[in-house]
Amino acid sequence: NYLPQATGLVAELKAAFPEQTFEFDVVRGDGGVFEVDFDGTRVFSKKRDGRFPAYQELPKQLRERIEA
C-alpha cells in the first residue's frame with residue numbers, strides 16, 4: 001500500500017512549489033504501480049525504476065523542467 005507515501009509526496013511537492021498550482025490525482029490500484037506525470041510527460045515510474053522516489057527527487061526533477 002503506497003497511499004501513505006503518495007500522500008506524503010503530494011505534501012512534499014506542495015511545500016516545494018507553493019507558488020505553483022498543481023493538480024494531484026492519487027489513484028488506488030494494484031500491482032505496485034506508482035507513476036508521476038508532469039505536463040504530459042512521465043517523470044517517474046516505480047514500475048520502470050524499480051523503486052519509490054527518494055526524498056526531494058521529484059521536486060528537483062520538476063524544478064528543472066519548470067525552469068527549462
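Biologist: Is E57 buried or exposed in this predicted model?

Modeller: Buried means under 20% relative accessible area, exposed over 50%, and partly exposed in between, with a 1.4 Å probe and protein chains only. E57 has a relative accessible area of 18%, so E57 is buried. N1, by contrast, is exposed at 72%. The model is predicted: local features need pLDDT of at least 70, side-chain atom pairs count only at pLDDT 80 or more, and totals for chains, interfaces and linings use all residues. Residues are numbered from 1 along each chain as its sequence is written, and side-chain values use heavy atoms, with hydrogens and water left out.

Biologist: With which residue does the side chain of E57 make a polar contact through that residue's side chain?

Modeller: A polar contact is a pair of N or O atoms within 3.5 Å; within protein, one must be able to donate a hydrogen and the other to accept it, and residues adjacent in sequence count only if both atoms are side-chain atoms. The partner is R51, at 2.8 Å. The E57 side chain also reaches the backbone nitrogen of A54 at 2.8 Å.

Biologist: How do α1 and α3 cross?

Modeller: Two packed helices are described by the angle between their axes and the distance between the axes. The axes of α1 (residues 3-16) and α3 (residues 57-67) come within 9 Å and cross at roughly 45°. That makes α1 oblique to α3, where under 35 degrees is roughly parallel, over 145 roughly antiparallel, 65 to 115 roughly perpendicular and the rest oblique.

Biologist: Which residues of α1 meet α3?

Modeller: Contact means heavy atoms within 4.5 Å. L9, E12, L13 and A16 of α1 meet α3 residues including E57 and L62.

Definitions and conventions:
Axes fitted to C-alpha atoms, helices over the stretch in contact; angles between N-to-C directions. Helix = DSSP H or I, 4+ residues; strand = E, 2+ residues; numbered from the N terminus.
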